[in-house]
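This report covers one chain, section by section. The sequence and coordinates come first.

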Amino acid sequence: MDAPTAFRQQLLGTIPRLRRYARSLVFDTSAADDLVQTTLERALAHWHQFDQRRDILVWTLAIAHNAFMDERRRDKRASWVDAEDVIDALPAVGNDLGLRMDLLAALAKLPVEQRQPLLLVTLEQLSYAECAEVLRIPVGTVMSRISRARTALRDLLDGRAPANARGLRRVV
């Protein structure tokens, strides 16, 4: 690729947060690495489209989102992943491994349309406006989806399953 060195350095700086977002989005380390690689390839191939006034993280997260949605459209089948495969997807929740596993299982049960904005705002600390830009949806939709996701997570973690989901039972 013929991207300038400065651009490449900026792009390298986004990799840790890009990996964290990808891992929490797809719940599979190898699939997340593939998503990050696809994102980096697309960013390098289209480096000339990057506006230096924008935040490169927001730009790469938008590329990752689009790559993820492309993959979802290509592969309509749902996949279930064991908790052991995703235990490192999110930062530690205190020292309680069981709580961390419960949180990961609850996140996996959320519809992807709710999980994406929730992770972008809470995990990646994007503003609602930045999240809306990444997902290409209105800010009000971001706020609504995050609110529904938080309610559903709370219900799942408290053992009160939403109408369309089974509750989680902690077995330690």
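## The N-terminal segment

Asp2 sits in the segment that precedes α1. In this predicted model, Asp2 has a relative accessibility of 62% and therefore counts as exposed, the cut-off being over 50%. Apart from neighbours within four places in sequence, Asp2 is in contact with Arg8 and Trp47.

The contact with Trp47 includes a polar one: the two side chains, of Asp2 and Trp47, meet at 3.2 Å.

## Confidence

Mean pLDDT for the protein is 82, and 80% of the residues score at least 70. By element, the mean is highest in α8, at 93, and lowest in helix α4 (residues 83–86), at 46.

Residues 77–87 form a stretch where pLDDT stays under 50. The model has 11 contacts beyond four places in sequence for residues 77–87, and these should be read with that score in mind.

## Aromatic pairs

How many aromatic pairs does a search of the whole structure find? The search returns 3. One of them joins Phe7 and Trp59 in an edge-to-face arrangement, with 5.9 Å between centres and 75° between planes. Phe7 belongs to helix α1 and Trp59 to helix α3, so this pair ties together parts 52 residues apart in sequence. Both partners are buried: the relative accessible area is 3% for Phe7 and 8% for Trp59.

Trp59 also pairs with Phe50, here in a tilted geometry, at 5.1 Å centre to centre and 50° between the planes. Phe50 is buried as well, with a relative accessible area of 7%. Through these ring pairs, Phe7, Phe50 and Trp59 are linked into a cluster.

The largest nonpolar core contains 49 residues. Within this core, the residues that touch the most other members are Leu61, Leu107, Leu120 and Val134. At least two core residues come from each of α1 (5–26), α2 (29–45), α3 (56–74), α5 (97–109), α6 (112–122), α7 (128–135) and α8 (139–157). Which helix gives the most to this core? It is α3, with 11 residues.

α3 has 19 residues, and its first and last C-alpha atoms are 27 Å apart, close to the 27 Å expected at 1.5 Å a residue. The N-terminal end of α3 is capped by Asp55, which places a side-chain oxygen 3.1 Å from the backbone nitrogen of Leu57.

## Helix α8

α8 also has 19 residues, spanning 27 Å from first C-alpha to last, again close to the expected 27 Å. Its buried residues are Val142, Ile146, Ala149, Ala152, Leu153, Asp155 and Leu156. An α-helix has 3.6 residues a turn, so residues three or four places apart point the same way.

Which helices do the buried residues of α8 pack against? They pack against α5, α6 and α7. Just after α8, Gly159 adopts a positive phi of about 85°.

Conventions:
Residues numbered from 1 in each chain as written. Heavy atoms only, no water. Core = buried A, V, L, I, M, F, W, Y, C linked by side-chain atoms within 4.5 Å. Buried < 20%, exposed > 50% of the residue type's maximum accessible area, 1.4 Å probe, protein only. Helix = DSSP H or I, 4+ residues; strand = E, 2+ residues; numbered from the N terminus. Phe/Tyr/Trp six-rings, centres within 6.5 Å; stacked < 30°, edge-to-face > 60°. Contact = heavy atoms within 4.5 Å. Polar contact = N/O pair within 3.5 Å; in protein donor to acceptor, adjacent residues only side chain to side chain. Expected span 1.5 Å × (residues − 1). pLDDT = per-residue confidence, 0-100.
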